[in-house]
Amino acid sequence: MATMISEVYDAFLAAGAPEEKARKAAEAIASCQRFDNLDRSFLMVHAMHVLLRWMVGFGIALDVAILIRVFFR
């Protein structure tokens, strides 16, 4: 059984929707919100990955600059 938002289910019932349709609509809304949270989590992981790549690139560039300065003085 899928999860559903009980407030939405109650609102559909109060509006006069049949019980089965109200249940399916509330479950559909809950599943959409769950995927929305996954999208936000994916974007956060992607942003951290981009930041990490920049940090590693900067560290490598700094190491190369130091080695050039030490050996080609």
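Student: Is Leu52 buried, partly exposed or exposed, and what is its relative accessible area?

Tutor: Start with the classes: buried means under 20% relative accessible area, exposed over 50%, and partly exposed in between (1.4 Å probe, protein chains only). Leu52 has a relative accessible area of 48%, so Leu52 is partly exposed. Leu52 is found in helix α2. Keep in mind that this is a predicted model: local features need pLDDT of at least 70, side-chain atom pairs count only at pLDDT 80 or more, and totals for chains, interfaces and linings use all residues. Residues are numbered from 1 along each chain as its sequence is written, and side-chain values use heavy atoms, with hydrogens and water left out.

Student: How many helices and strands are there?

Tutor: Helices (H or I, at least four residues) and strands (E, at least two) are DSSP runs, numbered from the N terminus. The protein has 2 helices and 0 strands. Helix α2 covers residues 19-71, and Arg40 lies in it.

Student: Which salt bridges does the structure hold?

Tutor: A salt bridge is a side-chain nitrogen of Lys or Arg within 4 Å of a carboxyl oxygen of Asp or Glu. The structure holds 2. Glu19 pairs with Arg23 at 3.6 Å, N to O. Glu20 pairs with Lys24 at 3.9 Å, N to O.

Student: Why are Glu19 and Arg23 about one helical turn apart?

Tutor: Because they are 4 residues apart in helix α2. Glu20 and Lys24 also lie 4 residues apart in helix α2, about one turn.

Student: How exposed is Lys24?

Tutor: Lys24 has a relative accessible area of 52%, so Lys24 is exposed. Glu20 is partly exposed at 46%. Arg23 is partly exposed at 22%.

Student: How far apart are Arg40 and Glu19 in sequence and in space?

Tutor: They are 21 residues apart in sequence and 32 Å apart in space, C-alpha to C-alpha. Arg40 is exposed, with a relative accessible area of 51%.

Student: What is the radius of gyration of the protein?

Tutor: The radius of gyration is taken over C-alpha atoms; the globule rule is 2.2 Å times the number of residues to the power 0.38. A compact globule of 73 residues would have a value near 11 Å, but the protein has 26 Å. Its C-alpha trace spans about 85 × 20 × 10 Å along the principal axes.

Student: What share of the residues is buried?

Tutor: Buried residues make up 8% of the 73 residues.
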